[in-house]
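Hi everyone, thanks for coming. Please have a look at the model on the screen while I talk.

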Amino acid sequence: MSYFRKNIEMMSGYTPGEQPQDGIYIKLNTNENPYPPSPKVLNAIKNAVSDSLRLYPDPVATQARQKVAEVLGTKPEYVMAGNGSDDLLSIIIRSFAGPCDKVIFPYPSYMLYKTLAELQDGDACAIDFTEDYTLPEDFIVKGARVTFIANPNSPSGTMIPPDDISKIALKIDGVLVVDEAYADFADDNCLRLVEKHDNILILRTLSKSYSLAGIRLGFCIAQEHLIQGMMKVKDSYNVDRLSIAAVVAALDDQKSMKAHVEKIKETRLHLKRTLQEMGFFVYPSQTNFVLARCMKGVSAHTLYQTLKSRKILVRYFNLRRLDDCLRITIGTREEIDALLKLLKELVSDSHSKVVHTC
Ligand SMILES: Cc1ncc(COP(=O)(O)O)c(C=O)c1O
């Protein structure tokens, strides 16, 4: 006999990307930033390591919300902080969806949306992106309580224009979560839609553009009535004192973040062009990674395994529409050149021995 709820027993759970603990890999598998966090952040954390750690943090992270509002040009009442955007996604699903409620998300996208819907015993509906990663007509589902869109999307790196997102917000019944984890690497974003739509929630994170995946800090921007309701659902102290200090300092140093984003965009272009010259199909990326589809006769899984055995970690998904692809995080120029050098050898070998057709 199982002690678990039936839906928990049935679900397989979310599998995060590999996080090897030996630290000797060129790590291009979980979309971390290859550059260090701002020295101002490290200083702020050091200063926050004090006697005051015996006290609970501010339950609503006021300083962090004020700083987010200042930098993004919104009001603190429109902002909620979370222990990474994954925490906010969990708060959102618990706030808006219960058993049997429809939860919509495109496929392939961030796999956590399905897990969250299953946790609630909701009706998880994955709707296929078109071949070129636009949303199909049937993406609007009547009665859906929560619709998730990662924009730009992972793992494709592609983006839906904000005008199209706005049209979706008007047509759907429930809330629309626009997960903008990668927005700082994109040409546009949906922040301006918050004032216009009372059902849009935008998610941002410090994990990618601010090089702070280890801190676990995300924030949600939405109209006050949504933020107020979600405050009832979050853990009392969901953001710790060190994270609050870090987010304030990180957002204060826009210069450092933007300089790193520019370098990543340059390397993204270099990686994309070189992969294309080698014969890969590369999806247009607005993120800090690219999705590259292997040419005929080359197995993505074998490439992934061989790269790993040579200490370069990229992401391989054994899933429909993705099993002939590699998702590659943009590292430093040196890391990407090391990857490309090895890939060139493997691909040119592919028709003889190392890499075989699936
Ligand atoms: C689309 C998307 N949303 C959310 C997250 C989680 O971000 P965080 O580190 O803020 O929890 C990720 C992480 O890779 C992501 O790709």
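I'll go through the ligand site and then the salt bridges.

This is a predicted model, so local features need pLDDT of at least 70 and side-chain atom pairs count only at pLDDT 80 or more, while totals for chains, interfaces and linings use all residues. Residues are numbered from 1 along each chain as its sequence is written, and side-chain values use heavy atoms, with hydrogens and water left out.

Let's start with the ligand. Residues around the ligand include Gly 84, Asp 86, Tyr 110, Asp 179 and Arg 216; near here means a heavy atom within 4 Å. By class, that shell has four nonpolar, four polar and four charged residues.

An N or O atom in the Tyr 182 side chain is 2.7 Å from a ligand oxygen. For the side chain of Thr 205, the distance to a ligand oxygen is 2.6 Å, and for a polar side-chain atom of Lys 208 it is 2.8 Å. The protein covers 91% of the 400 Å² of accessible area that the ligand has on its own (Shrake-Rupley method, 1.4 Å probe).

Now the salt bridges, meaning a side-chain nitrogen of Lys or Arg within 4 Å of a carboxyl oxygen of Asp or Glu. The count comes to 14. In one of them, Lys 27 pairs with Glu 32, with the closest N and O atoms 2.8 Å apart. Another joins Asp 101 and Arg 145, at 3.8 Å from N to O.

How values were computed: A polar contact is a pair of N or O atoms within 3.5 Å; within protein, one must be able to donate a hydrogen and the other to accept it, and residues adjacent in sequence count only if both atoms are side-chain atoms. Ala, Val, Leu, Ile, Met, Phe, Trp, Tyr, Cys and Pro count as nonpolar, Asp, Glu, Lys and Arg as charged, and the others, Gly among them, as polar.
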